[in-house]
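User: Can you walk me through this one? I'd like the overall picture, then some side-chain detail.

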Amino acid sequence: MTGAAAVAVLGVAGHALPAVTAHPAVRRRFWPRLSGVGPVTHVALTFDDGPDRTSTPLFLRLLEQTGVRATFFVLGSMLDRDPGLGRELAAAGHEVSVHGWTHRNLLWRSPTATYADIARARDRIAGVTGHPPVWYRPPYGVLTTAALLACRRLDLTPRLWTAWGRDWEATRPPELIWQTITKDLHGGGTVLLHDSDCASTPGAWRGTLAILPRLIEWAEERNLAIGTLSAHRTTGAEAGRWA
């Protein structure tokens, strides 16, 4: 292998190395904070891929009825289509956080493009809601070195999840979504769901909406508070911001 080739290989490896955290078991074992592990008396409720005028208001209505606040990881491109809905999220007491401008895997994006994507979404969220966002979650849960460096520059903290519903398929019945969530959900966990189908099968959000009351009831029966990631934050300084 030539020197130039070796440098190129090392560069690619360095770029992709944080993507190992996309593996749930590895992430929970070595990077629990990045996974969203928090106080055992609390569960963090998070939604990705919105806001979407077709579906997000239905989630907002249900959350208002149950008195629950959540963290919404929004796409800048979706927020740009309907900034009024972003303001509704913030006015209702929900956290509006960064999922990027577009829903693209960061492994195939350059450091410059990665930074531009995250910064553009962060600035749009801050402009719409009046509050700079705190959290960042990459599309598909795949982090790169460029994304971590961008988060440091933009004062964002990466957060993934401990449990999800794999709710992006419209053919996936609510009962199966529920079983998938509860397989890994415990006190101290962070749940990933989707309030939009912009990056999934059309109508997939309906199954998520159907199980949401059951999830809230599940937490209440176990005396677990359910809310935003900021309410879920562990005490003390964050080791490396994503450890």
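**Rings, charges and a buried histidine**

Analyst: Let's start with some rings. Phe47, Phe59 and Phe72 are joined into a cluster by ring pairs. Keep in mind that this is a predicted model.

User: How many aromatic pairs are there by the rule?

Analyst: The count comes to five aromatic pairs. One of them is Trp161 with Trp164, and this pair is stacked. Their ring centres are 5.4 Å apart, with 25 degrees between the planes.

User: Trp161, is that buried or exposed?

Analyst: Trp161 counts as buried, at 7% relative accessibility.

User: Back up a bit. How many helices and strands does the chain have?

Analyst: The chain has eleven helices and eight strands. It has 243 residues, and buried residues make up 50% of them.

User: And what about the surface?

Analyst: The chain exposes about 10,900 Å². Carbon and sulfur atoms supply 58% of that area.

User: What share of the contacts join residues at least 24 apart?

Analyst: Take the contacts between residues at least 6 apart in sequence: 77% of them join residues at least 24 apart.

User: Okay, charges now. How many salt bridges are there by the rule?

Analyst: Nine salt bridges. One of them joins the side chains of Asp82 and Arg53, at 2.8 Å from N to O.

User: Where do Asp82 and Arg53 lie?

Analyst: Both are in loops. Asp82 lies in the loop between α5 (76–81) and α6 (83–91). Arg53 lies in the loop between β1 (42–48) and α4 (56–66). So the pair ties together parts that are 29 residues apart in sequence.

User: Asp82, buried or exposed?

Analyst: Asp82 is buried, with a relative accessible area of 16%, because the cut-off for buried is under 20%. Arg53 is at 42%, so Arg53 counts as partly exposed.

User: Which residues are linked with them in a network of salt bridges?

Analyst: The network links Arg53, Asp82 and Glu88.

User: Which residue forms a salt bridge with Glu175?

Analyst: That's Arg214, and the closest N and O atoms are 2.8 Å apart. This pair links distant parts of the chain. Glu175 is in helix α9 (residues 174–184), while Arg214 is in helix α10 (residues 205–221). They are 39 residues apart. Glu175 is partly exposed, at 38%, and Arg214 is partly exposed too, at 36%.

User: And Arg122, what does it form a salt bridge with?

Analyst: With Asp123, where the closest N and O atoms are 2.6 Å apart. Arg122 is partly exposed, with a relative accessible area of 23%. Asp123 counts as partly exposed as well, at 43%.

User: Which ring does the charged end of Arg153 sit over?

Analyst: The ring of Tyr115, at 4.0 Å from its centre. Another case is Arg29, which lies over the face of Phe30 at 5.0 Å from the ring centre.

User: New topic. Where does Arg159 lie?

Analyst: Arg159 lies in the loop between β5 (157–158) and β6 (163–164). Arg159 is buried, with a relative accessible area of 5%. A polar atom of its side chain lies 3.0 Å from the backbone oxygen of Arg33.

User: Where is Leu156 found?

Analyst: Leu156 is in the loop between α8 (145–154) and β5. Leu156 counts as buried, at 0% relative accessibility.

User: Last one. Where is His232 found?

Analyst: In helix α11 (residues 229–232). His232 is buried, with a relative accessible area of 3%.

User: Which backbone atoms does its side chain reach?

Analyst: The side chain of His232 reaches the backbone oxygen of Gly36 at 2.8 Å. It also reaches the backbone nitrogen of Gly38, at 3.2 Å.

User: What else does His232 touch?

Analyst: Leaving out residues up to four places away in sequence, the residues His232 touches include Val37, Pro39, His42, Val43 and Ala44. Gly188, Gly189 and Thr190 are also among them.

Technical notes: Residues numbered from 1 in each chain as written. Predicted model: local features only at pLDDT ≥ 70, side-chain atom pairs only at ≥ 80, totals over all residues. Heavy atoms only, no water. Salt bridge = Lys/Arg side-chain N within 4 Å of Asp/Glu carboxyl O. Helix = DSSP H or I, 4+ residues; strand = E, 2+ residues; numbered from the N terminus. Buried < 20%, exposed > 50% of the residue type's maximum accessible area, 1.4 Å probe, protein only. Polar contact = N/O pair within 3.5 Å; in protein donor to acceptor, adjacent residues only side chain to side chain. Phe/Tyr/Trp six-rings, centres within 6.5 Å; stacked < 30°, edge-to-face > 60°. Lys NZ or Arg CZ within 6 Å of the ring centre and 35° of its normal. Contact = heavy atoms within 4.5 Å. Areas by Shrake-Rupley, 256 points an atom, 1.4 Å probe, with all protein chains shown as cover.
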